[in-house]
Amino acid sequence: MGGKRDEDDEAYGKPVKYDPSFRGPIKNRSCTDVICCVLFLLFILGYIVVGIVAWVYGDPRQVLYPRNSTGAYCGMGENKDKPYLLYFNIFSCILSSNIISVAENGLQCPTPQVCVSSCPEAPWTVEKSQLSQTVGEVFYTENRNFCLPGVPWNMTVITSLQQELCPSFLLPSAPALGRCFPWTNVTPPVLPGITNGTTIEQGISGLIDSLNARDISVKIFEDFAQSWYWILVALGVALVLSLLFILLLRLVAGPLVLVLILGVLGVLAYAIYYCWEEYRVLRDKGASISQLGFTTNLSAYRSVQETWLAALIVLAVLEAILLLVLIFLRQRIRIAIALLKEASKAVGHMMSTMFYPLVTFVLLLICIAYWAMTALYLATSGQPQYVLWASNVSSPGCENVPINTSCNPMAQPVNSSCPGLMCVFQGYSSTGLVQRSLFNLQIYGVLGLFWTLNWVLALGQCVLAGAFASFYWAFHKPQDIPTFPLFSAFIRTLRYHTGSLAFGALILTLVQIARVILEYIDHKLRGVQNPVARCIMCCFKCCLWCLEKFIKFLNRNAYIMIAIYGKNFCVSAKNAFMLLMRNIVRVVVLDKVTDLLLFFGKLLVVGGVGVLSFFFFSGRIQGLGKDFESPHLNYYWLPIMTSILGAYVIASGFFSVFGMCVDTLFLCFLEDLERNDGSLDRPYYMSKSLLKILGKKNEVPPGNKKRKK
């Protein structure tokens, strides 16, 4: 057995040797992965150049502000006091095309559009007696400034209507998304030209229901305005619960893990009992799979006894495996619990680490905001293109009109013999160097987004690992802990290991990009009913998912070794992997116990905040006084979901720090076992509880006497 053990140890590297000069994170170190650091900095420089190019050639006003028929922006420049866009015939958006397509194209409709200072407040139609009057008499003198710019005062109304220079009717409207949308609670006038049994009221209702923009956006804004301070209170409760859970682990880690394990055993036992009862009932009825046969209706298999028998066997096997694990691995579970307590103690001594996720959050927000703005500017880098359009190209006089050819919106074809001919917006040009390279620039931006996000996350992991490693390798705690361990680890990581973090982040980024490409291909092939192709695609996606999980695990432990020893990424990843493989059973036990505990913690925080938010915002908590009454909301579930989402983000941030602390202390613990033997010259750095569990002791117990130099 001894020879077998030695061979296994040799296969996964030799144990770490004792180094009398080692005192925790190495201070005298040099820059690592310099080539990757240079490549990363050059990539960031190129990313900045892409942003500058996008800023120079792009114009986000094209998606932020509506345009009138002449191509001018509403609410800007000469139309600064006219922020709203009015459609002459809003029903052209409804009757001529799919409303979803209209919304996707920026609410562009084949009808003249004009910028107005305010939307119409009352219904109005052109009367027959007004057709012979001038535009000035009918529109301008009555404060109906809704004609296209430049329409002469003395032009007859009938001429302006034929050339679609002025609207033939107005509907009471309200601004939404910068556009005038008609009200739905006003009886509109009867208008000619709306055929096929579609009434104006139905058209207005269909448009508003499809976009659903005005009412929902206003109500959501009102709800947030009335409940934002209570949402902040809920987030504060989540923060307090997360801190209390981590700090109390020092006292209740053992009982809590025991309760969780017994809970899992109890759930499995109840599931076994339930499956047995279902199987017994169906067995007495004689319901067998032979009677059912093969069917694609999976719910039908619930009515046969073989389904419940198979579930019963699987659950019984899982229950037996878990019981055997508890019996034979109880010692390692005790080690995991002791490490959880030690991690809570480390967090208590370095409370600043709990708020480091705020730094990571800000950096992630900067990366996402920069990418979003760059992508927006790139997407709007082309010049708007306009083409000739007519509602009915088969009408007399439209035979020789070059439909879909380029035109100038500033010079509308007013004298054309084709009725309804106009110059409408089509899209943005793809000519020019930037526009031809738009796809490549967007790909560069996506790669920059993934790489920078992964680098920021890697920075946070390495910084936290350096701080917690300084705690473990402090022989006298807390006297030997550095004064500013988190700040020192941050400066040390940025100065020496930017390249190593970029290397690990790049590997993970390439895998994630491959997953995104596969998801895109799978989306495009979703309509192909080829089971072989779908099976192959599913296998590829599963393999890449597993690869991404493995790389994240390996990178995480590599960053810990980088923070301690200051070696390059490849050497650190190899050393971490070999160390973990030499202690694979401990790794599995600690990982599962930690995952179970952190899952319970998240469930406690998120569930507690969710339940409190539900009872409060739904008005089920009475007698709190006038100052603590729940606000009257349109959608009471909105602040509840916001509170739950915020509580999950806060809990994930705090527990990610705790998880990083556990992983760092675990690797240090494994190396402590290999480096030292408890003698006067080589004492263990681990806590007394870990020494007691392992049945070991120090000749110089930590904290009582000075360590021999």
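Author: Start with helix 20 and helix 21, which are roughly antiparallel to each other (under 35 degrees counts as roughly parallel, over 145 as roughly antiparallel, 65 to 115 as roughly perpendicular and the rest as oblique). Keep in mind that this is a predicted model, where local features need pLDDT of at least 70 and side-chain atom pairs need 80 or more, while totals for chains, interfaces and linings use all residues. Residues are numbered from 1 along each chain as its sequence is written, and side-chain values use heavy atoms, leaving out hydrogens and water.

Reader: At what angle do helix 20 and helix 21 pack, and how far apart are their axes?

Author: Two packed helices are described by the angle between their axes and the distance between the axes. Here helix 20 covers residues 584-617 and helix 21 covers residues 637-675; they pack at about 160°, with the axes 9 Å apart. The axes are lines fitted to C-alpha atoms over the stretch in contact, and angles run from 0 to 180 degrees between N-to-C directions. Helices (H or I, at least four residues) and strands (E, at least two) are DSSP runs numbered from the N terminus.

Reader: Where does Asn-555 sit, and what does it touch?

Author: Asn-555 is in helix 18, and at a relative accessible area of 4% it is buried (under 20% is buried, over 50% exposed, in between partly exposed, with a 1.4 Å probe and protein chains only). Leaving out residues up to four places away in sequence, Asn-555 touches Gly-504, Leu-508 and Phe-569. Asn-555 and Ala-505 are 50 residues apart in sequence, yet 8.3 Å apart from C-alpha to C-alpha.

Reader: On to charges: how many salt bridges are there?

Author: Side chains of opposite charge can pair when their charged atoms come close. The count here is nine salt bridges (a side-chain nitrogen of Lys or Arg within 4 Å of a carboxyl oxygen of Asp or Glu). One joins Glu-277 and Arg-280 at 2.6 Å, N to O; both residues lie in helix 9 (residues 214-285), three residues apart, about one turn of the helix. Glu-277, at 24% relative accessibility, is partly exposed, and so is Arg-280 at 30%.

Reader: Which salt bridges link distant parts of the chain?

Author: Take Asp-522 and Lys-541, whose side chains meet at 3.2 Å, N to O. That pair links distant parts of the chain, with Asp-522 in helix 17 (residues 498-524) and Lys-541 in helix 18 (residues 531-565), 19 residues apart. Asp-522 is buried at 17%, whereas Lys-541 is partly exposed at 23%. Another is Arg-556 with Asp-663, the closest N and O atoms being 2.6 Å apart; this pair connects helix 18 to helix 21 across 107 residues. Arg-515, Glu-548 and Lys-552 are linked in a network of salt bridges.

Reader: What is the backbone phi of Asp-33?

Author: Most residues other than glycine have a negative phi, and most peptide bonds are trans. Asp-33 has a positive phi, near 50°. Asp-33 sits in the loop between helix 1 (2-11) and helix 2 (34-57), and at 19% relative accessibility it counts as buried.

Reader: Finally, how many helices and strands does the protein have?

Author: There are 22 helices and eight strands, and 43% of the 709 residues are buried. Of the contacts with a separation of 6 or more, 73% are between residues 24 or more positions apart.

Terms used: Contact means heavy atoms within 4.5 Å.
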